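Subject: Structure handover

Hi,

Here is the structure I promised to pass on. My notes follow below it.

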Amino acid sequence: MTTSTVPVEAAAPTVPVPPARRRRGRLRTVLLGLPVPLLFLLLWHVGRENAWELPFGIRMGFLPYPADVARGLANYAFGTRDDAFSNLLWEDLPASALRVLSGFALATLVAVPLGVLMGRFSTAHALFDPMINLFRPIPATAWVPLVALLIGYGDQASIFLITLSAFFPVVLGTISGARQVPERLLEAARMLGTSGVGTLLRVVLPAAAPAIVNGMRVGLGLSWVILVLSETTGVPTGLGSTIFLARDVVQTDQIVVGMICIAVAGFLSDRLLMLLFRVLFRDRPLIK
Amino acid sequence: MEHLAAGRTADVRIAGLTKNYAGAVTAMADVDLTIPSGEFVAVVGASGCGKSTLLRILAGFEQPSAGVVEVGGTPVTGPGPDRGVVFQDYGLFPWLSVRENVGYGPARKKLPKAEVAAITDRFIAAVGLTRFAGKYPAQLSGGMQQRVAIARVLANDPSLLLMDEPFGALDALTRSDLQAELKRIHVDTRTTVVFVTHSIEEAVFLADRVVVMTGGAAHGVPGHISRIVPVELADRDVTSPPFNEVKREIAELVHTVPEPV
């Protein structure tokens with residue numbers, strides 16, 4: 001017999017959306033996304049011109065104009081006006097990215113295996129859960145003085161703070177993912193001859209992948225937050241340290257430039273992380 | 001579809017099997033059942049009579065409280081690749097393709113890659129899914145997923161095939177297709193089968209013997225075997241009078257409420 005004799009009962013029907021309508025839908029999303037940011041820029045410009053005083057005591061007279069920020073950004077990236085910050089982006093960005101990457105990678109490397117063990121074994125959970133709950137509520141800001149004394153200032157202190165902060169979202173995501181693995185899949189793996197360690201690698205890890213990836217995205221985002229804090233003192237290069245340098249020389253446009261660069265770097269790193277997973281998993285339904 | 005070569009097969013010996021759950025009444029007591037190698041046994045009974053528990057104990061997912069459970073002369077201590085289980089909800093790995101799901105067991109046996117691939121292709125062909133080998137489970141219908149699950153355990157060459165209401169979630173048409181296919185596979189492989197089902201017709205159609213279980217916590221009597229009915233019909237035409245006579249006999253046994261102790 002040939003395979004064509006097998007009745008094929010409706011295999012996952014997907015209704016194709018006509019490309020024209022899909023394109024129109026995307027265009028609509030893009031167009032609707034524009035007015036609010038444009039209004040924001042306009043209000044910023046007008047507010048600066050008239051030195052508005054806003055709630056919280058915000059004195060807009062102290063702000064740079066949006067156009068100044070754009071010029072500052074051009075200078076930071078391409079050295080358009082030869083000053084202390086010209087061309088520095090290409091030193092600061094790699095330095096900061098390397099710190100974020102090191103800290104985040106280190107955190108993931110420890111958090112994922114630990115989370116898998118804690119999610120699957122009550123003994124591991126009982127051993128480590130109190131420590132996690134003890135340390136998790138301590139904000140990274142509170143660690144700074146102690147880290148300064150213990151490690152001093154520099155890359156090591158910076159990476160340590162990032163590792164510490166990125167660790168918790170990744171480990172908590174992994175624990176919850178490892179706990180929610182359907183019992184049926186573990187039974188299936190065991191009856192097919194999978195060993196104990198094998199089930200962790202072949203079933204728990206892939207089944208927990210969506211939760212692990214979510215934890216990693218939160219952890220990576222937090223890494224950029226902590227980066228600024230970790231570069232407050234003593235680190236000569238970096239997006240964060242440049243913001244504080246700009247404050248010390250009262251160059252407000254450069255402060256805003258630094259803020260924008262960190263936001264963009266954080267956004268891009270999240271996209272890169274997702275791209276990495278897509279390349280690794282291809283169309284495998286691991287993170288859905 | 002391809003014919004399969006005869007596979008491994010083993011006899012089953014269950015004696016004095018009792019299962020208690022902590023803090024609950026005895027779920028099953030004094031179950032004795034001997035199955036010769038190559039036989040197809042169906043287990044029927046009302047909900048809660050312990051038929052699924054019996055199957056899960058044979059699979060090694062649950063431990064008996066007392067009694068002997070042996071497959072091929074070896075006591076069952078835990079799940080293992082010699083006893084393939086087909087679940088009602090398939091239990092396929094969603095992140096693995098059809099090919100990877102079917103090749104999962106052979107790969108665990110550390111067979112050479114080429115041999116794993118050959119076994120995988122053979123069993124995918126045996127359930128007629130060659131064209132879908134690269135698909136993921138979510139892209140397949142329920143009937144196709146259950147074919148994958150059957151191919152996955154057969155690829156492991158089990159000596160005992162345990163099926164827990166495998167066709168219960170399928171529509172009637174798919175269900176009868178798969179019943180016919182399973183029968184053909186059993187004729188080819190001669191693997192011992194224990195098949196738990198709610199459907200008496202399915203049991204009579206497939207099995208050499210039908211084990212009827214009654215009792216259970218809800219009846220105040222532990223689950224037990226009330227009768228074992230041999231099906232000696234040469235022709236399993238579900239519309240024929242002799243077929244329906246056997247069906248009726250078993251239905252009466254299933255619906256007989258056991259006397260509370």
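Start with a helix pair: α7(A) passes α10(A) in a right-handed crossing. Keep in mind that this is a predicted model. Helix α7 of chain A covers residues 155–179, and helix α10 of chain A covers residues 209–230. Their axes come within 8 Å and cross at roughly 160°. Angles over 145 degrees count as roughly antiparallel. The two helices, α7(A) and α10(A), are therefore roughly antiparallel to each other. Residues of the contact between α7(A) and α10(A) split into 17 nonpolar, 11 polar and no charged.

Next, the contact between the chains. Chain B puts in 32 residues and chain A puts in 21 residues. On the side of chain B that touches chain A, four elements of chain B give two or more residues: β6 (83–86), α2 (98–108), α4 (142–154) and α5 (172–189). That side of chain B has 15 nonpolar, 11 polar and six charged residues.

Last, the domains of chain B. Domain 1 is made of 30–82 + 158–261, and domain 2 is 93–157. The C-alpha centres of these two domains of chain B lie 25 Å apart. Their contact takes 10 residues from domain 1 of chain B and eight residues from domain 2 of chain B. Which element gives the most to the domain 1 side of that contact in chain B? It is α5(B), with three residues. By class, the side of domain 1 of chain B that touches domain 2 of chain B has nine nonpolar residues, one polar and no charged.

Best wishes

How values were computed
Residues numbered from 1 in each chain as written. Chains lettered and ligands numbered in written order. Predicted model: local features only at pLDDT ≥ 70, side-chain atom pairs only at ≥ 80, totals over all residues. Axes fitted to C-alpha atoms, helices over the stretch in contact; angles between N-to-C directions. Parallel < 35°, antiparallel > 145°, perpendicular 65-115°, else oblique. Left-handed = near helix turned anticlockwise from the far one by under 90°. Nonpolar A, V, L, I, M, F, W, Y, C, P; charged D, E, K, R; others polar. Contact = placed C-beta atoms within 7 Å. Domains from an automatic or database assignment.
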